[in-house]
Amino acid sequence: MNNKSVCDSWFATKKISDLLYCINEIHYWEWNRANIWLIKGKTQDLLIDTGLGVASLRQYIASLIDKPLLAIASHVHFDHAGGIHEFDNIAIHTAEAEALRHGDCHAALCNPESGWILDEHFSQLPYAGFTATQYTFQAAEPTQLLQEGDVIDLGDRAFEILHLPGHSPGCIALYDPFSQELFSGDIVYDGDLLDQLPGSDISTYISSYERLQHLPVEIVYPGHYHMFGQQRMQELIADYLEAKRQPGCPSKKFSLNTQEIVKQHTHRSGS
């Protein structure tokens with residue numbers, strides 16, 4: 001029987017700037033606790049990832065939302081997409097759309113045999129009577145399917161979708177080439193990188209990292225742990241490639257619609 005207390009609030013928010021918030025599920029296991037990023041835009045707001053879905057994120061952020069909201073899952077794993085079913089406008093990469101559409105617990109890593117959701121991972125409970133065995137990954141119908149090179153326009157800034165598989169088939173990052181900010185999901189973060197999960201592929205991860213080596217980045221807002229800059233990103237990439245790359249692996253160049261995005265942003269700023 002679970003005798004843990006019920007938390008006063010499941011979420012906590014850190015204000016990074018007037019237009020950026022980081023939300024965390026503070027009573028869940030730190031090692032797998034995902035960062036939820038809320039970006040305020042001129043014409044729409046953007047939510048990158050949605051946590052476990054054991055408490056209402058939509059209700060929690062309601063006071064911060066004053067325009068249409070697009071919720072994006074950086075990938076379908078339960079710690080990132082578990083709460084996305086609450087939202088009206090939902091986007092995910094095409095490679096993982098079916099998994100989200102059908103509530104695929106295997107792809108989301110929350111089937112019981114995976115062992116990723118355990119009672120000991122919760123320091124307090126999201127609601128009375130909660131147990132890990134009750135956890136379900138709720139299906140959701142995407143309203144937008146994302147692909148490499150798609151642009152998410154918030155009116156005063158735009159993000160390009162980068163498809164960077166390896167951790168999972170549909171992993172994406174969002175990149176603002178004007179500010180050189182990267183919202184990286186689980187592609188790169190300052191912690192143990194997971195590349196042996198169902199759906200992971202090390203050779204594909206290597207190719208994604210070879211692309212990232214060519215990307216100008218000022219700051220990375222990752223899917224887990226803390227923010228970091230270009231130097232740390234390059235160190236993490238180099239360490240991974242040194243450990244994993246085999247002789248003869250091809251190198252991929254980085255390709256973006258960067259010039260067009262910067263051109264559009266500059267035009268808006270000058271108008």
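Gln 180 lies in the loop between strand S10 and strand S11 (181-185). Its phi is near 60°, a positive value in a residue other than glycine. With 24% relative accessibility, Gln 180 counts as partly exposed (buried means under 20% relative accessible area, exposed over 50%, partly exposed in between, with a 1.4 Å probe and protein chains only).

The model is predicted: local features need pLDDT of at least 70 and side-chain atom pairs count only at pLDDT 80 or more, while totals for chains, interfaces and linings use all residues. Residues are numbered from 1 along each chain as its sequence is written, and side-chain values use heavy atoms, with hydrogens and water left out.

Leu 109 also has a positive phi, of about 70°, although it is not a glycine. Leu 109 is found in the loop between helix H3 (97-101) and strand S7. Leu 109 is buried, at a relative accessible area of 4%. Helices (H or I, at least four residues) and strands (E, at least two) are DSSP runs, numbered from the N terminus.

An open sheet of 7 strands has mixed pairing and the order S1-S2-S3-S4-S5-S6-S7; two strands pair if DSSP finds at least two bridges between them. Strand S1 (11-17) and strand S7 (144-146) stand at the edges with a single partner strand each, so one side of each is left without a neighbour in the sheet. On average, neighbouring strands of this sheet are turned by 20° against each other, direction ignored (axes are lines fitted to C-alpha atoms, for helices over the stretch in contact, and angles run from 0 to 180 degrees between N-to-C directions).

Strand S9 (residues 158-163) has 5 of its 6 residues buried, so it is largely enclosed by the rest of the structure. S9 pairs with strand S8 (residues 151-153) and with strand S10 (residues 172-176). In the hairpin of S8 and S9, 4 residues lie between the strands, and Gly 155 takes a positive phi near 95°.

| Strand pair | Bridges | Bridge partners |
|---|---|---|
| S1 and S2 (residues 20-25) | 6 bridges | Lys 15 and Tyr 21 |
| S8 and S9 | 3 bridges | Val 151 and Glu 160 |
| S9 and S10 | 4 bridges | Leu 162 and Ala 173 |

In a regular strand the side chains alternate between the two faces of the sheet.
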